[in-house]
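Here's a chain to walk through together, one question at a time. Have a look first, then we'll talk.

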Amino acid sequence: MQSLPALSLPVNPAARPNRPELVAPAGDWDCLRAAVENGADAVYFGLNCGHNARMRAANFRTEELTAVMAHLHRRGMKGYVTLNTLVFSSELADIEQTVRDLVRAGADAVLVQDLGLVRLIREICPDLSIHASTQMTLTSAEGMEVARQLGVERVVAARELSLDEIRRIHEQTDIPLEVFVHGALCVAYSGQCLTSESLGGRSANRGVCAQACRLPYELVCDGRDVDLGNVKYLLSPQDLAAYALIPDLLRAGASSFKIEDA
């Protein structure tokens, strides 16, 4: 792949004061406007060219990026673009162009799963803020420090972490922590599930999770069916609704709260 000159990122004059940030999803213009009008500080969204974990969402066209970012910046908000799937070698040239497009459009940050993509982005635009997606499976302070050394500036903590684990991580590193406060929970470690691909031929690490953990199952013990009554969803944990834990999360060290559109 041909090496091209690095880009500089324009400064957003509508910076927010230092306070907990609320980040909302925006799969299309209607969702974007709803987030703007209902108090979000930032939105995160994917592009319809791929490379994001919400391939089934409408997503924005690359040609819309400049208008999206201008709309957000006029309202003092930030926009984070998701490139949070694993990247194949054959896709590097395409994703490099996508990164250059979002930088020119004024994106405030990019969410990334693939460590190779982190290094590529740092070469393209050293000033672009990189957030480690929850898909990067960062569950310890040591892992987050490695990510920081590669250029990551914020970590979206794996949603299976407990309050105590978040607190301990915060005590060991000062990298900003973003945590989910609403959305789906998974029976697997964030970013490490192979069930969807094994059972349905659709990889969660490529943005097309089949949500196998949300299907009903039968239970067989010692060759006999177990009568489960109405309990069929054996692999599906309850969805996340952590609004009552906001004070605890703040004390634990979270600096940003994330809503998922699940």
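## Talking through the model

Reader: Let's start with Arg-19: in which segment is it found?
Author: This is a predicted model, so keep that in mind throughout. Arg-19 is found in the segment before a strand that covers 21-25, and that strand is S1.

Reader: How accessible is Arg-19?
Author: Buried would need under 20% relative accessible area and exposed over 50%. Arg-19 falls in between, so it counts as partly exposed, and its relative accessible area is 39%.

Reader: Zooming out, what share of contacts in the chain, between residues at least 6 apart in sequence, join residues at least 24 apart?
Author: The chain's secondary structure comes to 8 helices and 11 strands. Taking contacts between residues at least 6 apart in sequence, the share that joins residues at least 24 apart is 65%.

Reader: On to helix pairs: how are H1 and H2 oriented to each other?
Author: Helix H1 takes in residues 29-37 and helix H2 residues 65-74; their axes come within 11 Å and cross at roughly 15°. Angles under 35 degrees count as roughly parallel. H1 and H2 are therefore roughly parallel.

Reader: How do the residues in the contact of H1 with H2 divide by type?
Author: The crossing of H1 and H2 is right-handed. H1 brings Trp-29, Leu-32, Arg-33 and Val-36 to the contact, while H2 brings Ala-67, Val-68, His-71 and Leu-72. By type, that contact divides into 6 nonpolar, 1 polar and 1 charged.

Reader: What about H3 and H4, how do they sit relative to each other?
Author: Helix H3 (residues 92-104) and helix H4 (residues 115-124) have axes 10 Å apart and pack at an angle of about 50°. An angle from 65 to 115 degrees would be roughly perpendicular, and one under 35 roughly parallel. H3 and H4 are therefore oblique.

Reader: How does the contact of H3 with H4 divide by residue type?
Author: The crossing of H3 and H4 is right-handed. From H3 come Leu-92, Ile-95, Glu-96, Val-99 and Arg-100, and from H4 come Leu-117, Leu-120, Ile-121 and Ile-124. The contact divides into 7 nonpolar, no polar and 2 charged.

Reader: Is Asn-84 buried or exposed?
Author: Asn-84 is found in the loop between strand S3 (78-83) and H3. Under 20% relative accessible area means buried. Asn-84 has 10% relative accessibility, so it counts as buried.

Reader: Which residues does Asn-84 contact, leaving aside its neighbours within four places in sequence?
Author: Gly-46 is 38 residues from Asn-84 along the chain, and their C-alpha atoms are separated by 9.0 Å. Leaving aside neighbours within four places, Asn-84 is in contact with His-51, Asn-52, Ala-53, Leu-111, Val-112, Gln-113, Ser-133 and Gln-135.

Reader: What is the phi of Thr-137?
Author: Thr-137 lies in the loop between strand S5 (129-132) and helix H5 (141-150). It is buried, with a relative accessible area of 19%. Thr-137 is not a glycine, yet its phi is positive, about 60°.

Reader: And Asp-222: buried or exposed?
Author: Asp-222 is found in the loop between strand S8 (220-221) and strand S9 (224-225). Its phi is near 55°, a positive value in a residue other than glycine. With a relative accessible area of 76%, Asp-222 is exposed.

Reader: Last one: which residues does Gln-172 touch, not counting those up to four places away in sequence?
Author: Gln-172 lies in helix H6 (residues 163-172) and is exposed, with a relative accessible area of 51%. Met-144 is 28 residues from Gln-172 in sequence and 10.0 Å from it in space, C-alpha to C-alpha. Not counting residues up to four places away, Gln-172 touches Ala-141 and Glu-142.

Methods. Residues numbered from 1 in each chain as written. Predicted model: local features only at pLDDT ≥ 70, side-chain atom pairs only at ≥ 80, totals over all residues. Heavy atoms only, no water. Axes fitted to C-alpha atoms, helices over the stretch in contact; angles between N-to-C directions. Helix = DSSP H or I, 4+ residues; strand = E, 2+ residues; numbered from the N terminus. Parallel < 35°, antiparallel > 145°, perpendicular 65-115°, else oblique. Left-handed = near helix turned anticlockwise from the far one by under 90°. Contact = heavy atoms within 4.5 Å. Nonpolar A, V, L, I, M, F, W, Y, C, P; charged D, E, K, R; others polar. Buried < 20%, exposed > 50% of the residue type's maximum accessible area, 1.4 Å probe, protein only.
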